[in-house]
Amino acid sequence: MKIIVIGGGKVGTVLCEQLVKEGHNVVLVDQNAEVVETVLNTADVNAIVGNGVSGEILAEAGVKDAELAIACTPSDEQNILCCMIAKKLGVKQTIARVRNPEYFNLFISQDLGLNLLVNPEYQASEEIAQIVDFPYANKVASLGDDVKLIEYTIPVGSKISGVMLKDIAGKFNSRVLVSTVERNGTIYVPKGDFVLQQGDKCCITADEDELYKLFRNAGVSAGKTRNVFLLGGSTVAFYLANKLAKHYNVTIIEKDTEICQRLADSLKAGVKIINANGFNQRSLKNENLDIADVVVALSDDEENNILISMFVHSLGQKVIIKVDKSEYIPMLENVGINRIVSPKHLTANEITRFVRSMKSGRGGSVCSIYSMLKNEAEFVEFEVGKDFRKEGVMLKDIKLQPDTIIVSITHNEKTVVPNGLNTIKKGDHVVVATLIKGVTSLNVVLG
Amino acid sequence: MNYKFTLRLLGIVSLCEGALLLAPMILSAVKGEDWLAFVNVIAIAVVVGLPLALFCKPQKKTMRVTGGLVSCALCWIVMSVIGCLPFVLSNNAGFIDALFETVSGFTTTGATIFSNPENLGMGLNLWRAMTHWVGGMGILLFVIAFLPKTEGTTYQVFKAETPGPKAGKLVSKLSITARILYLIYFGMTVLCAVLLLCGGLPVYDSIVLSFATAGTGGFTPTALGISAYNSLYVEVVLTAFMFLFSINFTLYYFVLIGKVKELFRSEEVRWFFSIILLVTTGVTLSLWIDKVYPTFGECLRISVFQVVSNISTTGYVLRDTSQWPALAQTLLLAVMFCGGCAGSTAGGLKVSRVVILAKSGARELRMSLNPNRVLDIKLEGRTADKNVVHGVLRYFVVYLMFMALSVVLLTIFNPTSTSQTTFVDAISSTVSCINNVGPAAFDYASGNFTSFSPVAKVILTVDMLAGRLEILPILMLFNPRSWQR
């Protein structure tokens, strides 16, 4: 598929790499020749230096026979304009990154010819909100009303370490499915005789209640989360505070008076906004940081986020950090900070999902992709289509591709973690965990 | 440096070369020549290449700029060494001579050390022509194009091998870009061969000549060069194709996808054409005024052919130009620097670089009148990126220094032991080799370098490689830092 990416910033660069890996023909348009050169050096794309709003440049990029244009320049207005012009010039589908909450709410995307609006900040806030709800996990995704998919790092001295997978149900009185495990950089799709160790990162799928049972019985403290501190009044903080205000006591610490004022104007009254430097340890203590159950480092300055997260982590509090520079992530994991949210990757994944659903393969179309374990393991949600070959066959009789496992089936809005006796029917939503990259067809996955 | 990546690439290149050698092997077997030499070389290529290609599995799939440059230079050296073995094993030349000949072939220079190439036999002559064809577009581009995904980033290698200030992709995928380029190249070569065939040339001669023309190389199967055919038709066809192969191949792609206008809109091509027109006029007048040839028509015919031959860096010769007036000789030497367009098979500085240099010079002059004036350098109707302009200036400086060094070394190592024109020889042979043209001033008639001392041959061999790969890759080889992991 031919795809034009306009804007080679953080999201644009990741997109180029990811889309090339999925086998697409990508053309990057960016005004900065140096940016173009850097991307050319890392990804097998073609690139054009110029303004993506210009019809001439878009024509040069081959907009006429392109199937998708993705605009992710720093400016919302430019992105929207790019997409409208690209559509007029013949591109089939368009995606724009729109950050400003006002646009995001107002725009009726169809009228302007935009097929998808992506908002990295909003997506990050959703991701973080899920983790705040379930702060044991590094990452949380909802596969249905009750069923969660979590990424969990087994801490040192945990009761779970040393347990064989098939014994979990008996030992902790909890029915969970461990679908993928990362150990020392290698990823396994484990069988029943796999023994968990401390330091393993595992993806667990289960009913929410079963998960709570697992953690309670494994002795992981189940104290309820009440106080959430957000350090930095960025856009993510705005979205997040809006989401969390209903159930938690939210405090935002921001050093810029004007931003504080703006947040106070637009946020619900329950959110406490404090005008102080959240990246100064003394002022943090003054603001009662020790009562916080979860601290989220959200400023736009990544290095500051990292330093303050290390400080908060050393106080023994749960910390969630927003980091976009991939180089920093292993460093954070080394010191034990595992709850890392990267807006650019979330957006890139969202767009990848859209692209894959455009050329949906046989057996069912892709409706979501959840990436876990540093994007090495993919959880792909399919809507089962008419041409699905194994309809009504029991799972134990279906031969799966290697390194692939079915983690949930949603039938009539009811999601279950399946066992060998479940069957898949037309219209169901099936989530498949796989280490194979770029899966688009359910029939292929299920052999 | 990503050693495994480089070694694997070397292995693949050597295997590719082994495959290419099959063609001259079959021909020499059919003609009853020394075909066992080819068999041995193919065996060597496979023995060297197969283990490297099979067992070097790079873990890291990326390559940095230096890695790309060094790998490219190494590949060219390895393939030259393997490619020279048929000459050595068939006892036609010593190692240094054979290496000179092969490098001259791959770099599409066309300078030869064989006084009578017709004695080599058809198989070896086909191989000489094939080295031109493969070297013209580049063997690494071939590897990128036709082998299953070489994994990882090959863009650095592509950049290192493609001449010109900027390496441009045609389509998103590098392998597809390479395939399109080779397809265009192949198609045009076939067209050239067919046209020569129509002119009554034997099949063998048409193929060998079209290979040498396509790569803008200049090897001919006989010492007489093009004058052996004594046919206006052949001259016209060759002139046309030397010109066509010196134009940026991107433009042919545009023509193929229906954007014919781009061909005429290209500023580089217009400059190229203007330079040819201007220089041809000069050479023709110079020949006519001095009454070198009896009629104006003959002066024109010979100077058009010779100018296009030199500017496209092919280096075919029609007449003994060493007897020409000084103006004509100087002009012929001058266009060697210019070369063809970027992204073509021609050598030299490339027209776009020359244009940027000229425009930078003009800019300096204007700036000295109005020091505060804001002036951009425009190319192809757009403001040229500052980095590109600076890159061209830097390249030019390195190019001149490299050339000067080579001239000095050549005068030390005494190029022609008997003649008195050592200085001119040193300059003209360096210019000819570094720009991948072929013939030099001392003996235009055959472009023959037999009389050079072995050290001088090695120096010129390095010059040719440096000229083809645009100096930097070769210099990088001598920088210990680029060998660090």
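Let's start on chain B of this predicted model, where Val462(B) sits in helix α19. With a relative accessible area of 31%, Val462(B) is partly exposed, because that class covers values between the 20% and 50% cut-offs.

Together with Ile77(B), Val81(B), Phe95(B), Ile96(B) and Val458(B), Val462(B) makes a nonpolar surface patch of about 400 Å². Which helices supply the residues of this nonpolar patch? At least two residues each come from α3 (65-89), α4 (95-106) and α19 (454-468) of chain B.

Elsewhere in chain B, Cys16(B) belongs to helix α1, which covers residues 3-30. Is Cys16(B) buried or exposed? Its relative accessibility is 12%, so Cys16(B) counts as buried. Along the chain, Cys16(B) and Val47(B) are 31 residues apart, and 13 Å separate their C-alpha atoms.

Now for chain A. Here Asp145(A), Asp146(A), Asp209(A) and Glu413(A) form a negative surface patch. One of these residues, Asp146(A), is found in the loop that runs between β7 (139-142) and β8 (147-153) of chain A. Asp146(A) counts as partly exposed because its relative accessibility is 41%.

| Residue | Relative accessibility | Class |
|---|---|---|
| Val462(B) | 31% | partly exposed |
| Cys16(B) | 12% | buried |
| Asp146(A) | 41% | partly exposed |

Finally, take a step back to view chain A as a set of domains. Its domain assignment gives domain 1 (2-118), domain 2 (139-217), domain 3 (227-341) and domain 4 (347-445). Taken over C-alpha atoms, the centres of domain 1 and domain 2 of chain A are separated by 39 Å.

Terms used
Residues are numbered from 1 along each chain as its sequence is written. Chains are lettered from A and ligands numbered from 1 in the order in which they are written. This is a predicted model: local features need pLDDT of at least 70, side-chain atom pairs count only at pLDDT 80 or more; totals for chains, interfaces and linings use all residues. Side-chain values use heavy atoms; hydrogens and water are left out. Patches are made of residues with over 30% relative accessible area and no salt bridge: like charges are joined within 9 Å, nonpolar side chains (Val, Leu, Ile, Met, Phe, Trp, Tyr) within 5 Å. Accessible areas come from the Shrake-Rupley method with a 1.4 Å probe; for residues, only the protein chains shown count as cover. A salt bridge is a side-chain nitrogen of Lys or Arg within 4 Å of a carboxyl oxygen of Asp or Glu. Lys and Arg count as positive and Asp and Glu as negative; His and the chain ends are not counted. The place of a charge is taken as NZ of Lys, CZ of Arg, CG of Asp or CD of Glu. Helices (H or I, at least four residues) and strands (E, at least two) are DSSP runs, numbered from the N terminus. Buried means under 20% relative accessible area, exposed over 50%, partly exposed in between (1.4 Å probe, protein chains only). Domain bounds come from an automatic or database domain assignment.
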